[in-house]
Amino acid sequence: MTDRWTRAEERYRQSAEHRYRRDDLEWSEADDYEDDTTVIPRYEDEDEEPLLEPEPPRRPAPQRADRGRPAKPRGSRASGGRGGGQRQRPKRSRVASRKAAERKRRRRNMWVIGAVLAVLFVGAAGFASWKFMNRFSPAEDYASGAPGPLAVVQVKPGDTATQIAETMHTKGVVASSAAFYEAAVRNDNMNAVQPGYYAIPSHSKGSDAVVALVTKSSRVGNVVISEGRQLHDSTDVTTNARKDGIYRKIADASCVGDGTTAKCVTYDQLEAAGTNTDPAALGVPAWALDRVRAVPDRARQLEGLIAAGTWDFDPSAAPDQILKQLVSASAASYESTGLLQSNASNGLSPYDTLIGASLVEREALPQDMSKVARVIVNRLKVDQPLQFDSTVNYTLPSTEVATTDADRNRKTPWNTYAMSGLPVSPISAPSLDALRAMENPAPGTWLYFVTVDKQGTTLFTDNYNEHLRNIEKARQSGILDSGR
């Protein structure tokens with residue numbers, strides 16, 4: 001009975017193996033196979049290695065008589081047989097391999113990120129330690145004593161105390177930027193420091209350099225150009241007083257130091273640079289370059305190109321470089337008003353608009369500028385001479401409001417009594433108000449105007465006879481009396 005059940009169980013196992021068992025070597029060729037048999041699947045953790053399929057028991061080999069050769073030990077059959085040797089480990093599926101590679105890549109990335117964070121942490125900790133230790137070590141500084149020669153230092157718009165300290169160190173004023181900075185943050189007057197150039201003694205203690213910077217007398221290279229001022233000096237007919245020109249103003253503002261030790265750029269040096277240097281090298285903008293090169297009197301080629309206003313320049317620079325700074329800054333200021341687009345309103349080129357603005361500046365008070373600009377535009381349209389006394393005075397060594405018949409008859413490239421049209425170049429430094437007036441003249445038909453009293457009252461008309469009556473009013477007020 002027992003033997004019968006044993007044999008039946010063996011037959012059942014062989015039958016099950018025949019129906020459901022799959023050969024590892026065959027199924028390894030199709031990794032993505034999905035078993036759709038009705039056999040209940042066994043779920044395995046993807047992280048675990050698949051277990052080896054147990055080898056089914058085999059029927060014991062029948063005992064045979066030994067015919068002279070020793071029996072081959074069981075289990076020593078060639079590994080290539082169906083049931084011989086240790087079974088090969090089944091391969092992973094493609095999905096499982098991909099997920100395993102992804103986990104490995106994530107672990108590697110985490111190690112890299114961790115290493116980077118560790119380096120950053122160590123660096124930050126080291127920097128913090130260095131800063132903390134430096135709090136207790138004094139900044140490198142010069143000792144008190146006689147300072148060195150003056151150094152010109154520029155404070156740029158928007159500079160912080162840190163940036164100023166770096167500039168001071170670069171220029172040799174202080175031994176270290178920290179020495180200046182530590183003194184600067186304790187001085188409330190640093191808040192009042194304006195952009196510009198300052199003459200500061202070199203080899204100064206940080207605290208002394210700060211005191212020098214906030215002292216008003218240290219400011220250098222700061223020049224104020226008044227409206228209507230001309231490049232060259234002129235003399236008043238009545239008082240014989242000299243009226244300083246723009247070159248004189250720049251020369252006075254260029255001095256670094258006091259007394260006999262002062263270093264200044266002279267009036268003659270500036271005039272020579274403005275006369276003999278090519279306009280392009282002096283910063284003349286492209287919209288004026290050709291016309292400036294055509295000015296017949298080279299000494300006057302920069303007239304009008306240094307605008308009225310307050311300007312900063314490096315007084316330690318060469319004369320031509322000083323002029324270039326001022327001309328370039330003035331051109332940018334002019335362009336900010338819409339000069340390059342003004343042709344749509346007045347029909348003039350940018351340079352002609354600048355010339356017209358210089359006439360407006362010399363002929364009109366602020367409240368009348370846009371009307372005088374309209375008179376200029378209206379006369380140019382009908383080719384009527386402008387006949388401005390300011391254009392007669394421009395080339396005279398001595399000037400006054402009134403002019404003589406002889407002066408008005410002198411033919412020059414600027415005298416608008418002796419020719420029609422605009423002068424060949426500007427006759428003064430116009431203000432931005434005069435420039436805006438010329439860019440957008442007031443609407444009107446006026447062709448004539450005259451100032452009738454010393455308070456500046458100006459009358460406008462488009463009728464010549466009425467204009468003659470207005471001139472008589474001016475004569476009666478004495479404003480047209482000549483001192484010649």
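Is aspartate 312 buried, partly exposed or exposed? I looked this up first: aspartate 312 is partly exposed, with a relative accessible area of 30%. For my own notes, buried means under 20% relative accessible area, exposed means over 50%, and partly exposed lies in between (1.4 Å probe, protein chains only).

**Ground rules.** I'm working with a predicted model, where local features need pLDDT of at least 70, side-chain atom pairs count only at pLDDT 80 or more, and totals for chains, interfaces and linings use all residues. Residues are numbered from 1 along each chain as its sequence is written, and side-chain values use heavy atoms, with hydrogens and water left out.

**The open sheet.** I found 3 strands forming an open sheet in the order β1-β2-β3, with antiparallel pairing. Its edge strands are β1 (150-155) and β3 (219-220), each pairing on one side only. I jotted down that helices (H or I, at least four residues) and strands (E, at least two) are DSSP runs, numbered from the N terminus. Two strands pair if DSSP finds at least two bridges between them. Strand β2 (residues 196-201) is joined to β3 by 2 bridges, and tyrosine 197 has valine 220 in β3 as its bridge partner.

**Strand β4.** Next I checked β4 (residues 222-225), which has Val223 and Ile225 on its covered face, and Asn222 and Val224 on the uncovered one. It is joined by 4 bridges to strand β7 (residues 309-312), and the two run antiparallel. The structure holds 11 of them. The term covers a side-chain nitrogen of Lys or Arg within 4 Å of a carboxyl oxygen of Asp or Glu. Arginine 219 is partly exposed, with a relative accessible area of 27%.

Arginine 300 and aspartate 297 also meet in a salt bridge, at 3.0 Å, N to O. Here arginine 300 counts as buried at 16% relative accessibility, whereas aspartate 297 counts as partly exposed at 29%.

My last pair was arginine 408 and aspartate 405, with their closest N and O atoms 2.2 Å apart. Both lie in helix α15 (residues 405-409), 3 residues apart, about one turn of the helix. Aspartate 405 is exposed, with a relative accessible area of 53%.
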